[in-house]
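Please read this short report alongside the sequence and the 3D view.

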Amino acid sequence: MLQDRYSLAFKLYPYARRADQDATEVVRHPVVVIGGGPIGLATALDLGRQGKPVVVLDDHEGVGQGSRAICFAKRTLEIAQRYGCGQPMVDKGVVWNLGKVFFDDRKIYDFNLLPEDGHRNPAFINLQQPYFEKFIHDQIVAEVAQGAPIDIRGKNRVEAITSQDDHVVLDILTPEGPYQIEADWVVACDGASSPTRAMLGLDFEGRVFEDSFLIADIKMKNNEFPTERWFWFEPYFKAGASTLLHKQPDDVWRVDFQIGWDVDRKEELKEENIRKRLDALLGNDAEYEMVWSSIYTFQCRRMKEFRHGRVIFAGDAAHQVSPFGARGANSGMQDVDNLGWKLGLVLDGNAPEALIDSYHEERAFGADENILNSTRSTDFITPKSKTSHMFRNAVLELAEHVEFPRSIVNSGRLSLPCTYDGLSLNGADKLEGGPNRTRVGSPCPDAPVADGFLLDKLGGGFTLLTIDADAPNELDVDGVAVSRLALNGTDKHLAERYLGAAKSAVYLIRPDQHVAARWSTYDQTALEAALKTACAKG
Amino acid sequence: MSDLNLKPNLAAPDAFYEELIATHEGLQDDESAALNARLILILANHIGDSDVLSAAMKLAKDPASVSS
Ligand SMILES: Cc1cc2nc3c(=O)[nH]c(=O)nc-3n(C[C@H](O)[C@H](O)[C@H](O)COP(=O)(O)OP(=O)(O)OC[C@H]3O[C@@H](n4cnc5c(N)ncnc54)[C@H](O)[C@@H]3O)c2cc1C
């Protein structure tokens with residue numbers, strides 16, 4: 001039986017019969033993506049834009065109702081921008097910079113994120129996850145119209161998976177019965193409870209946090225709250241051990257109550273009981289409509305290996321973090337960014353399969369960093385021992401009066417992309433006086449350039465960024481193309497971010513906009529060596 | 001990086017000790033514990049150096065780990 005597990009916010013890819021279902025011989029596809037959540041859709045978009053045929057299988061027909069993720073970080077917007085769907089997100093999203101922190105019955109301080117200037121995208125936007133997914137899907141539709149070979153199959157549930165040496169066999173159930181397909185590569189993006197992971201009997205270990213959170217998305221009718229993030233520790237109104245209020249588009253506010261571990265979910269989710277908490281927070285005269293509510297508990301864990309033969313795991317299927325710090329979808333998008341070009345090169349036969357292993361190396365490194373950060377936030381928000389609680393409150397009490405403890409207060413940290421320090425695709429870091437933030441392994445920071453922004457000019461393929469340095473305009477090294485982007489260091493942002501104390505610079509930049517190698521001047525042999533290393537041909 | 005100073009460094013040790021105890025006078029155990037927590041945070045921030053702080057935490061946890 002093919003029954004929906006959730007209702008839809010947007011029906012985007014209704015079930016339709018495909019030729020594969022009537023084929024006499026099982027059809028083989030280069031890439032099959034399991035799961036059409038944000039990560040599966042983005043994977044399909046990346047590959048489709050490269051002209052790589054990709055089939056997406058999802059057991060629903062569109063985007064699920066209910067916004068889980070609401071905070072999308074700059075790096076995610078940059079990746080989306082590269083895929084052509086970033087602008088609608090920024091246009092629809094709510095940008096915020098101001099936050100207030102409360103303890104008990106008083107505001108202890110406020111802060112301004114003071115985003116660095118010279119970037120196309122804001123540090124963060126708030127946007128309901130269904131919109132985020134829909135904008136990715138809109139772009140898929142646009143790319144398909146231009147000929148991108150992306151095929152999304154709704155109500156196609158993967159029921160069994162058989163892994164062979166050089167391909168994978170998938171058993172799929174549809175409303176019209178079962179069929180099989182084969183894939184050279186499978187990307188499993190089927191979420192935190194990944195059936196693919198379970199069917200392959202793979203591990204998913206980590207730490208469970210013994211607390212539950214009640215989320216209520218509400219639409220305000222008569223009350224105006226500013227576009228700020230308000231976080232209460234131990235609020236006097238007793239609606240939860242901590243409470244978060246955050247604005248989303250369409251006049252919707254996200255309220256997040258920490259309600260303890262032993263709760264009666266059914267009871268807590270009754271509208272009257274949610275309203276009791278909300279009224280305690282908002283006051284009795286506030287009028288609002290309930291848009292969505294849910295209770296969640298969470299774990300921080302990841303798979304030991306993100307690649308198992310021809311099956312690659314991405315997004316929540318590979319790693320799960322607490323929502324504090326918004327590292328779920330944000331880190332999943334970095335998985336896609338990392339995997340897309342690697343899979344593209346391997347499919348073309350221009351890089352060895354070892355390049356796919358580097359996906360695990362780099363993204364597991366990223367997952368560990370995210371798990372570390374979100375575990376730290378969680379331990380601050382929900383202290384687990386009497387002593388830890390006492391220190392937490394000591395920080396808050398001091399923070400009301402002096403500045404230094406404010407940097408310790410941790411109600412979730414900005415999700416930042418990780419720098420792949422010391423990993424195997426990294427080439428030479430030979431730019432004397434070069435800034436630390438653009439060291440080899442870093443994601444390129446944006447900067448204004450003559451007619452727009454730097455990151456808009458990177459990506460797709462390898463780029464040779466030269467600043468006040470000579471180099472050939474086009475190169476081809478064993479089938480891998482490199483094109484040059486020639487700039488000069490007159491803009492202060494660019495100079496600060498890419499030159500530092502150096503007079504000139506040459507950066508080899510990967511298709512996912514991470515720095516592969518850098519030097520002060522161009523040298524053909526050095527470039528070829530770095531490119532080989534970056535493609536795991538070393 | 002600097003090392004944790006384990007040599008006597010207080011100009012007036014008796015006075016310091018007296019003041020420390022006096023600070024806790026009249027407090028319940030919980031209040032004293034909270035005061036200590038605030039004091040540790042204030043001192044840690046003043047010191048700043050993470051190597052020094054790590055060494056101090058290790059020493060506090062296991063005084064026998066260092067002998068001088
Ligand atoms: C309360 C909460 C708040 C959050 N806030 C944030 C935030 O602010 N920022 C952030 O970045 N992240 C946040 N997250 C995390 C974010 O929601 C997830 O990281 C994100 O949805 C993961 O996307 P995904 O595509 O990997 O998985 P999912 O979104 O879970 O998608 C999996 C897809 O696979 C499909 N599927 C499952 N089984 C099968 C099968 N057998 N066959 C075919 N298809 C299948 C499902 O139907 C679904 O469409 C939050 C999460 C929660 C719970």
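The sections below begin with the basis of the values and then turn to the structure.

## Basis of the values

This is a predicted model, in which local features need pLDDT of at least 70 and side-chain atom pairs count only at pLDDT 80 or more, while totals for chains, interfaces and linings use all residues. Residues are numbered from 1 along each chain as its sequence is written, chains are lettered from A and ligands numbered from 1 in the order in which they are written, and side-chain values use heavy atoms, with hydrogens and water left out.

## The ligand and its shell

The ligand is surrounded by 32 residues, counted when one of their heavy atoms lies within 4 Å of it. A:Y6, A:D58, A:R68, A:Q129 and A:D316 are the closest. By type, the shell has 15 nonpolar, ten polar and seven charged residues. Here Ala, Val, Leu, Ile, Met, Phe, Trp, Tyr, Cys and Pro count as nonpolar, Asp, Glu, Lys and Arg as charged, and the others, Gly among them, as polar.

Oxygen atoms of the ligand lie 2.8 Å from a polar side-chain atom of A:Q129 and 2.7 Å from a side-chain N or O atom of A:D316. At A:A329, a polar backbone atom is 2.9 Å from a ligand oxygen. Taken alone, the ligand exposes 1,000 Å², and the protein buries 90% of that (accessible areas by the Shrake-Rupley method with a 1.4 Å probe). In chain A, α1 (38-49), β10 (157-163) and α8 (328-347) each give two or more residues to the shell. The largest share, three residues, comes from α8(A). Helices (H or I, at least four residues) and strands (E, at least two) are DSSP runs, numbered from the N terminus.

## Where chain B meets chain A

Nine residues of chain B are in contact with nine residues of chain A (heavy atoms within 4.5 Å). About 810 Å² is buried between the two chains, with carbon and sulfur atoms giving 81%; buried area is the accessible area (1.4 Å probe) that two parts lose on being put together, summed over both.

Two salt bridges cross this interface, a salt bridge being a side-chain nitrogen of Lys or Arg within 4 Å of a carboxyl oxygen of Asp or Glu. B:D30 forms one with A:K386, their closest N and O atoms being 3.5 Å apart.

## Salt bridges overall

Over all chains, the structure holds 46 salt bridges. In one of them, A:K155 pairs with A:D4 at 2.8 Å between the closest N and O atoms. A:K155 lies in the loop between β9 (150-153) and β10 of chain A and A:D4 in the segment before β1 (8-11), so the pair ties together parts that are 151 residues apart in sequence.

Definitions and conventions
A polar contact is a pair of N or O atoms within 3.5 Å; within protein, one must be able to donate a hydrogen and the other to accept it, and residues adjacent in sequence count only if both atoms are side-chain atoms.
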